[in-house]
Amino acid sequence: MKNLERRPHQIRQIFRAREMLTLAVLALSLFITYRLWDVAARSADQALQTTFEFKVREANIRIEQRLAIYQQMLRATVGLFHSADDVTRKEFQSFISSLSLPEMFPGVQGIGLSLIVPAADKDRHIAAVRAEGFPEYTITPEGARDIYTSIIYLEPFFGRNLRAFGYDMYSEPARRAAMDFARDAGSAALSAKVKLVQEGGSAIQNGFLMYLPLYRNGAPHTSLEQRRANIIGWVYAPFRVDDFMHGVSGEYADELDIEIFDDETINAESKMFDSNDALDATSNERVLKRVSFIQAANRTWTVVTAASPQFEMSLRSDRPQLILQSGISISLMISLLIWLFLDDRARALHAAQQAMQLALYDALTGLPNRKLLEERLGQALNKAKRGHSHVALLFIDLDKFKPVNDNFGHAYGDLLLKEVAKRLQNCMRESDTASRLGGDEFVVLLSDIEGRNGTALVAKKILDLLVLPYEISGHTFEISASIGATIYPEDGTDGKSLIRNADLAMYEAKNAGRATIRFAQRDTQHNSAVMHAANQP
């Protein structure tokens with residue numbers, strides 16, 4: 001009887017508990033979903049920023065490398081004139097032709113020689129050049145000057161370059177300033193932004209010129225007075241900026257808006273190049289934007305780079321949205337399960353376990369995801385602090401993975417990622433953690449490691465294993481990996497800084513040629529030792 005009397009009360013308690021517990025679980029699940037979404041969104045933004053910074057650095061490095069290559073090209077031409085007292089026009093033409101300028105040096109309009117012609121020798125000089133078969137040759141522009149210069153050699157000697165034949169570059173202030181600098185410094189010099197003499201018609205581009213001084217053979221030029229006394233001319237190269245940048249920014253044309261300014265002042269007058277006229281890289285509305293400075297010989301170029309909307313869309317991760325949608329769905333599902341199966345605690349625990357699996361493990365590889373990695377990293381750091389031991393992180397990014405997706409499809413890419421995950425797990429101790437952050441990025445947590453030497457050995461073991469061929473569904477794939485390493489406490493005292501520094505070290509490994517290992521701190525001797533070990537069979 002008492003049981004019968006108490007049953008309605010028990011039923012009301014069960015219903016009340018069901019409602020309260022279901023609401024509590026739903027609220028908690030939604031809160032967890034929000035936190036996961038927030039972490040994923042921040043991670044996606046960081047990945048987007050990191051990719052953007054990498055592409056900006058790569059584009060700037062290409063500009064610097066191209067300028068350095070062209071400077072060496074001019075030095076080789078100066079060496080030609082130093083090899084003989086008299087280099088004929090045919091010999092000069094043959095030498096420049098051997099350089100294959102259009103194929104090997106895009107952007108350069110040619111290589112020439114501008115010779116100093118004293119006023120007293122002007123008529124004799126003109127007569128000598130005309131006697132070579134150029135009856136209309138003269139020095140332009142007209143006018144009396146104390147000193148003249150004349151472009152007497154310029155290859156390839158056809159098309160628009162014919163307009164520069166006989167031009168006195170020393171008569172124009174911007175060119176003269178660069179020529180004087182090259183003469184006095186004995187080194188390469190760049191002119192300010194100019195309109196090349198070769199320009200004509202409607203498709204006019206901004207230009208600049210690179211000069212190297214040519215001194216009299218055998219004459220000293222170690223001092224300023226000697227250089228000024230023994231200068232006989234300049235070897236130079238004219239550049240149309242759009243053509244110069246075509247090979248640098250071409251592959252980024254849809255991703256980056258690159259604008260170059262002739263000095264450190266950003267305005268319309270100093271702008272030399274704009275890869276996308278429809279966008280304004282200098283606008284404050286551009287979220288992904290970077291201002292860099294490139295030392296171009298004697299001049300400083302300001303490079304403003306902004307990400308295009310297409311770039312942001314192509315790299316904007318869907319993961320935060322998927323986490324949000326999946327999290328809400330999972331939250332509702334768990335709440336519904338608790339509502340329906342409150343009396344079955346085993347099923348409720350099973351549902352919670354499934355939700356935890358989705359929240360903490362990568363769905364494709366089964367490896368721990370970023371959240372679980374961060375939790376284990378925090379535990380490892382706390383243990384290391386108490387025991388004064390070391391913890392290491394290896395940030396691994398696969399090389400040559402994108403062509404697998406592009407050429408064989410994402411199904412093969414997913415199978416390849418699973419194989420990579422298996423190989424990583426085979427390298428792990430029970431106390432270590434191999435995790436996947438997303439895409440082709442993995443992070444390995446090494447607890448209680450023996451400093452850098454121990455970390456280097458594990459990284460080498462992983463790298464050797466990952467570069468072995470993969471046999472998948474009748475296809476053989478060969479990839480490699482770039483590994484960035486950080487060690488607690490030398491490279492960071494918290495999880496975020498260790499992951500961030502390992503990520504940056506990984507990009508240094510990619511810049512070093514891929515399939516290699518780099519530590520966060522730039523210890524030249526240690527990195528050399530690691531590279532030596534990594535290259536051993």
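1. Let me start with the pairing of β10 and β12. In this predicted model, strand β10 (residues 391-399) runs antiparallel to strand β12 (residues 441-447), and seven bridges join the two.

2. Helix α13 (residues 410-426) packs with α14 at an angle of about 145°, the axes being 10 Å apart, and the crossing is right-handed. On the α13 side the contact is made by Val420, Arg423 and Leu424, and on the α14 side by Ile462, Leu465 and Leu466. Sorted by class, that contact has five nonpolar residues, no polar ones and one charged residue.

3. The partner of α15 is helix α11 (residues 370-387): their axes come within 10 Å and cross at roughly 115°. This crossing, too, is right-handed. Arg370, Leu377 and Leu381 of α11 meet Gly495, Leu498 and Ile499 of α15. The residues of this contact divide into four nonpolar, one polar and one charged.

4. While you are in this part of the chain, please check the peptide bond between Tyr488 and Pro489, which is cis with omega at about 5°. Pro489 lies in the loop between β15 and α15. There is another cis bond to look at, from Thr140 to Pro141, with omega near 0°; Pro141 is found in the loop between α4 and β2.

5. Now to another sheet. Four strands form an open sheet with antiparallel pairing, in the order β7-β6-β9-β8. Its edge strands are β7 (271-274) and β8 (289-296), each of which pairs on one side only. The twist from one strand to the next averages 20°. Within this sheet, strand β6 (residues 256-261) and strand β9 (residues 299-307) run antiparallel and are joined by six bridges. Glu259 is a handy reference residue, with Val304 as its bridge partner in β9.

6. What is the phi of Ala297? This residue has a positive phi of about 55° although it is not a glycine. Ala297 is found in the loop between β8 and β9.

7. Turning to open space, the second largest pocket holds about 350 Å³. Its lining has 19 residues, and those nearest its centre are Phe81, Asp85, Asp86, Leu113 and Leu115. The elements giving two or more residues to this lining are α1 (2-82), β1 (111-118), α4 (122-131), β2 (147-155) and β4 (207-215). Which element gives the largest share? That is α4, with three residues. By class, the lining of this pocket has twelve nonpolar, three polar and four charged residues.

8. How many cavities of 30 Å³ or more does a search of the whole structure find? The search finds one. The largest cavity has a volume of about 40 Å³, and its lining consists of Ile151, Ala164, Tyr167, Met169, Arg175, Leu196, Val197, Gln198, Leu209, Tyr236 and Pro238. Nine of these lining residues are nonpolar, one is polar and one is charged.

Key:
Residues are numbered from 1 along each chain as its sequence is written. This is a predicted model: local features need pLDDT of at least 70, side-chain atom pairs count only at pLDDT 80 or more; totals for chains, interfaces and linings use all residues. Side-chain values use heavy atoms; hydrogens and water are left out. Two strands pair if DSSP finds at least two bridges between them. On a 1 Å grid over the protein atoms alone, a cavity is a set of points where a 1.4 Å probe fits but cannot get out, and a pocket is an open set with protein on both sides within 12 Å along at least five of seven lines; lining residues have an atom within 4 Å of a point. Grid points are joined across faces, edges and corners, and a volume is the space filled by probe spheres set on the points. Ala, Val, Leu, Ile, Met, Phe, Trp, Tyr, Cys and Pro count as nonpolar, Asp, Glu, Lys and Arg as charged, and the others, Gly among them, as polar. Axes are lines fitted to C-alpha atoms, for helices over the stretch in contact, and angles run from 0 to 180 degrees between N-to-C directions. A crossing is left-handed if the near helix is turned anticlockwise from the far one by less than a right angle, and right-handed if clockwise. Contact means heavy atoms within 4.5 Å.
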